[in-house]
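Hello,

Here is the structure I promised to pass on to you. Please open it beside this message, and then read on for what I found.

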Amino acid sequence: MDFKDQNSTFRLSNGVEIPCIGFGMWQTPSDEVGVASVLSALEAGYRHIDTAQAYRNEQCVGEAFRRSGVKREDVFITTKIWNDAHSYDLVMSSFEESLKKLDTSYVDLLLIHWPNPQALRDRWQAANAETWKAMEELYRAGRVRAIGISNFRKHHIDALLETAEIPPMVNQIKHCPGVIQTEVEEYSRSKGMLLEAYSPLGTGRMLESEEMKALSEKYDRSIAQICIRWGLQRGYLPLPKSITPSRIEENLRVFDFEIDEDDMNYIAGIDAGVRNASNPDAVPF
Ligand code: A2P
């Protein structure tokens, strides 16, 4: 792995460069705390922000931009189409809403958040096909620089590819020590997708692990840094979430050490009680 810092990039299948660590915003509040955390992230040097319609904090990104003075084109912004917008018209209208909240004229990466919304369980394939068609149109019009999926498993990918004209460039899934979705990982890669890792710290649970504490001493790095570095070395793009300035900054300092191969394998098997990825065909939303 030859990443120098957080501005080093993965290259998507369409050539777009994506900064190798993103600022995750799932569970970040939608108020002033959210704005302050994005401001802290921009100040710490993040140039990649990952939000979603469902997080209800897209407007925090817009507000932080207005206050920060950072140039829009210097930051990679991802948002995601929520489960209540899986149709052509609803993608188009909810995308416009997202742009307004983000205070931008384009999005760098647009994802389908979940493949199989509860309300569409009997016709998710057709709904995804239509959703994707709208996203392809946004892509062709230059309003999004890349398109992708999240929480898709092999059968969802196969169904999408039956009608897709443009293949997805990213699959964003849960990934942290003890939670590795080997089949999705291998299949997504075989179809040219970059894997992004949400909950890279197991939503914080990894920080309690005794095994991780021992590794933290061995490498003289925090548990969070080891988790993030481990994800990068596995070829994932980590999306750590924090609202705490010192942690936000700490989570970028992962480029001055390397985890050896034995420990990479050992970490993969650590069970810190992190919940497995939700079954996308059974989620209650
Ligand atoms: P907080 O947001 O209060 O700072 P994940 O990215 O896996 O979802 O994990 C997010 C959780 O981990 C949040 O509870 C966050 O707390 C916490 N967290 C993030 N970075 C660190 C860190 N460097 N040290 C300790 N806890 C952290």
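Predicted model: local features only at pLDDT ≥ 70, side-chain atom pairs only at ≥ 80, totals over all residues.

Eight strands form an open sheet with parallel pairing, in the order β3-β4-β5-β6-β7-β8-β9-β10. At its edges are β3 (23–24) and β10 (237–238), each of which pairs on one side only. Strand β9, residues 194–198, is joined to β10 by two bridges, again in the parallel sense. If you want a spot to look at there, Glu 196 stands opposite Leu 237 of β10.

Next, the nonpolar cores. The largest one has 82 residues, and Ile 21, Ile 49, Met 206 and Met 212 have the most contacts inside it. Helix α8 (residues 223–233) gives the most to this core, with seven residues. There is also a second, separate core of five residues, among them Val 184, Leu 195, Ala 197 and Tyr 236. As general background, nonpolar side chains in soluble globular proteins tend to be buried together.

Beyond its neighbours within four places in sequence, its contacts include Ile 228, Leu 232, Leu 237, Val 254 and Phe 255.

Helix α6 (residues 182–190) has Val 184, Glu 185, Tyr 187 and Ser 188 as its buried residues. These pack against α5 (154–163), β8 (170–174) and β9. Just after α6, Gly 192 takes a positive phi of about 85°.

Leaving out residues up to four places away in sequence, Asp 50 touches Phe 23, Gly 24, Met 25, Tyr 55, Thr 78, Lys 80, Gln 172, Glu 196 and Leu 239.

Finally, the ligand. There are 16 residues around the ligand, and Leu 201, Thr 203, Lys 241, Ser 242 and Thr 244 come nearest. An oxygen atom of the ligand lies 2.8 Å from a polar backbone atom of Thr 203. For Lys 241, an N or O atom in the side chain is 2.8 Å from a ligand oxygen, and for Thr 244 the corresponding distance is 2.6 Å. On its own the ligand has 570 Å² of accessible area, and the protein covers 84% of that.

Best wishes

Key. Residues numbered from 1 in each chain as written. Heavy atoms only, no water. Pairing = 2+ DSSP bridges. Helix = DSSP H or I, 4+ residues; strand = E, 2+ residues; numbered from the N terminus. Core = buried A, V, L, I, M, F, W, Y, C linked by side-chain atoms within 4.5 Å. Buried < 20%, exposed > 50% of the residue type's maximum accessible area, 1.4 Å probe, protein only. Contact = heavy atoms within 4.5 Å. Near = heavy atom within 4 Å. Polar contact = N/O pair within 3.5 Å; in protein donor to acceptor, adjacent residues only side chain to side chain. Areas by Shrake-Rupley, 256 points an atom, 1.4 Å probe, with all protein chains shown as cover.
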